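I want to look up how one chain is put together and where it meets its partner.

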Amino acid sequence: MKALEKQRNILDFTLSSLGRRKGKNIALVMVYTFVIFLLASVLFFTHSLKKEAALILQDAPAMTVQRLVAGRQDMIPMHYIDSIRQIKGVQSVVPRLWGYYYDALSGANYTLMVNADLNDRAGEIIIGNGVSWRSAPGKRNNQGLQKNDIIPFKTYDGTVLGLKVKGLLPFASELVTADLILVSETDFRKIFAIANDQATDLVLQVRNAKELPTIAAKITQIHPDTRPILRQEILRTYDAVFDWRGGVILMVLAGVFFAFIILAWDKATGLSAEEKREIGILKAIGWETSDILLMKFWEGAAVSLMAFFMGIFLAYLHVFLASSILFAPVLKGWSVLYPHFRLTPYINAYQIATLFFLTVIPYTVATIVPSWRSATIDPDSVMRM
Amino acid sequence: MIHLQDIRKVFNAGKPNEFVAIEGVNLAIDSHGAIALKGPSGSGKTTLLSILGCMARPTSGRITLQEREITSLPERFLTEIRRETFGFIFQQFNLIKGITVLENVMLPAYPNAENHASLKKRAMDLLDLLNIGGKALAKVEWLSGGEAQRTAIARALINNPTIIIADEPTAHLDTHLSAEFMEIMRQLKQEGKTILLASHDPIVYESKVIDRIVEMRDGKVVSAGGGP
């Protein structure tokens, strides 16, 4: 209880001390908060994106088989299905039809994909949100495409095929479906001129995930022109892409970070003559060196904790409520279609702790060290001031 | 109460600018009295006062405080003695700017871990006693010379010390305020406190409050005599 009273008394003095150098301390807290805000925004954003992608991909097939001709992806013959299905452990093999389509009207690339639900509804499509906005530049009231609107597609021979929008894909999956258009098999083959005995790739379900590498090896043995891709590999690629983008942002921010280090170092290491005088007075009136260090510790901790929590809070608002307006163009999307979506907040405690140990702790230590040097001077120096 | 035995204090020892501030001082100070250290500038009054108040260690010699040898005590214990036994009033008052009169007075008691509310009450009582209770929440830089002096006295008294040490307390005060200061010292002496003053101001050493004058010159005690 006594120790608590002492801490309270010293903390009390520290807080009124901070109030005395208001301008200097407010400037420092602002710069500090800004740095934490930038770092935390990047961390929150990349982490949430990865989590989001992983959640969406969890329903993706365990394995996809493509055909490569001279190193380039080509259509896969349907008869491969039978031989692959024979492999022990394979539960199902389903052919997929999909491809990229450049729309000259909107200047964007769309991903067209055949959906079995539309197979008996030729002439209808379901579109992602990005497509909805991009394909409707002339629409009144600034609305995107709605149900029953028609999108014209230019087929392989130059004729135009108008397809009617029958629905929009759910907003929640926008990260990977922004540029997606679901079409019927008939329409897809019409647009891309793909023969009936060919598919874009095959997707496999297997009974035991541990057998995936063995099954993949067997497929390449039977069909040397194929390339099996595992879900894990796609996830790894996403992780790498988002990490790389996060890294690019952090590199850009490195300058800000170093500027802050210099500022903090200067503030923390250089005690002003006034501060030295105060330390002398405190020692003379009976404060121990440890009491002065405790005071300086509280001072550093108060500044850095305040900045840390404010920075984290602002970063949270920025990423999860304001859709990361500051650096979304670099971190999201890679085409003309930027997904518009609000991330579900995922916060990684490990990342917060790392940020804490890289900012709050060094700053607090940097505040204590110069005070320690001053606090060890003889108290009688104050008699000669 | 305090015994100094063959005290010598050298600054910058072994360096070209070596300076002997005090040489061979022997002095015995009894409790419940007022003693003035008198002498010109550079005679060693402040250095001797620092040594008496456990603020500085002598280069050689022995100091005993209430029969306890304190010369070789570690810094931590010296700080504790300084906090509990002595109350200091400095020449420039050395108040901490930017905080209130009340906070300045409470400062020396913070390391004692006293309950904040009761400490605040004691500080307020002291300020009332010294007639500056009304200025408790004012910042110290707004104070007049007399008010700053009373704040410094209240700060020196907060830990209820047995010995008050004041170095040239009237150096920045006019005659009226100097007389007022000596009156406060008289009251404190009456309460049983020991007063140690260093001054070359006649208002101090010719005051009736002073029981004994120790005269110094060139770092030596030239007269450790009795009253004025």
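Before anything else, a note on angles: axes are lines fitted to C-alpha atoms, for helices over the stretch in contact, and angles run from 0 to 180 degrees between N-to-C directions. Contact means that the C-beta atoms of two residues, placed from the backbone, lie within 7 Å. Helices (H or I, at least four residues) and strands (E, at least two) are DSSP runs, numbered from the N terminus.

This is a predicted model, where local features need pLDDT of at least 70, side-chain atom pairs count only at pLDDT 80 or more, and totals for chains, interfaces and linings use all residues. Residues are numbered from 1 along each chain as its sequence is written, while chains are lettered from A and ligands numbered from 1 in the order in which they are written.

I looked up the elements of chain A and found 12 helices and 13 strands.

Next I checked the sheet. Six strands of chain A form an open, mixed sheet in the order β5-β6-β10-β7-β9-β8 (two strands pair if DSSP finds at least two bridges between them). β5 and β8 of chain A are at the edges with a single partner strand each, so one side of each has no neighbour in the sheet. I also noted that β6 and β10 of chain A pair in the parallel sense over four bridges, with A:T111 opposite A:L180.

Then I turned to helix α6 (residues 185–192) of chain A: this helix lies across β5, β6, β8, β9 and β10 of chain A, at about 140° to β9(A).

Last stop, the partner: 26 residues from chain B and 26 residues from chain A make the contact. On the chain B side, α2(B) gives the most, with four residues.
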